[in-house]
Amino acid sequence: VLVNPTNDLVAEVTKCNHLQRLCIGGGDYDLRLLDTLPEKSLLYYLRVSGRRLDEKLVGRIGQTPQLAALNLMRTNVTASGVRAFDLLPRIIQLNLQSTDVKLAELGPLKLYERMVDFKASRPQPGQSDELRIENAPNLVSLGCYEVDAWNNKTPMVLRFKNLPQLWQVT
């Protein structure tokens, strides 16, 4: 796990051709250092959290087809950014907690068909949101909560259809 890494450290780590997991939390490193992510043929887990992301990086992540797990917690990714991940063929875990994603704006996504674990944010106090998931035959666990806030009692709407494996909603 790289916490608040420097440019030099991110550059050194991303040179590794056998990189399987990359976890970066915070920092002011140059996002262009992650441009090579799609070339990492063994990279199956990616966490980039705790900082603002640009559209170019979100697009590059969406071009990393071997990803099975993606954690963008505490970033500014939006619903349109999430659509860039819709065609990732192996994605089964997605964490969007404490992001700028408005769940109602996600619409139908193909990635729901592959998803096993999905985490998203609840609406902020005084706001509302709706999560609609249809045809997610493998989804086992769904979490809608904030990790940095006290219990958020703001109501939200959850609409599900064809989620035969779902057994945990938090």
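## Nonpolar surface patch

A patch here is made of residues with over 30% relative accessible area and no salt bridge, with nonpolar side chains joined within 5 Å. This model is predicted. In it, L158, F160 and V169 make a nonpolar surface patch of about 230 Å².

V169 sits in strand β10, which covers residues 168-169. Its relative accessibility is 44%, so V169 counts as partly exposed. Partly exposed covers the range between buried, under 20%, and exposed, over 50%.

## Largest pocket

Rolling a probe the size of a water molecule over the atoms shows where empty space is left. The largest pocket has a volume of about 210 Å³. Its lining has 13 residues, and T99, V101, K102, Q124 and Q127 are the closest to its centre.

By class, six of the lining residues of the largest pocket are polar, five are charged and two are nonpolar.

## Second largest pocket

The second largest pocket holds about 160 Å³ of space. Its lining is made by L53, D54, E55, V58, G59, N76, V77, T78, S80 and G81. Five of these residues are polar, three are nonpolar and two are charged.

Two helices, α2 (55-61) and α3 (79-83), each supply at least two residues of this lining. Helix α2 gives the most, with three residues.

Definitions and conventions
Residues numbered from 1 in each chain as written. Predicted model: local features only at pLDDT ≥ 70, side-chain atom pairs only at ≥ 80, totals over all residues. Heavy atoms only, no water. Patch = residues over 30% accessible without salt bridge, like charges linked within 9 Å, V, L, I, M, F, W, Y side chains within 5 Å. Areas by Shrake-Rupley, 256 points an atom, 1.4 Å probe, with all protein chains shown as cover. Salt bridge = Lys/Arg side-chain N within 4 Å of Asp/Glu carboxyl O. Helix = DSSP H or I, 4+ residues; strand = E, 2+ residues; numbered from the N terminus. Buried < 20%, exposed > 50% of the residue type's maximum accessible area, 1.4 Å probe, protein only. 1 Å grid on protein atoms, 1.4 Å probe; cavity = no way out; pocket = protein on both sides within 12 Å on 5 of 7 lines; lining within 4 Å. Points joined across faces, edges and corners; volume = space filled by probe spheres on them. Nonpolar A, V, L, I, M, F, W, Y, C, P; charged D, E, K, R; others polar.
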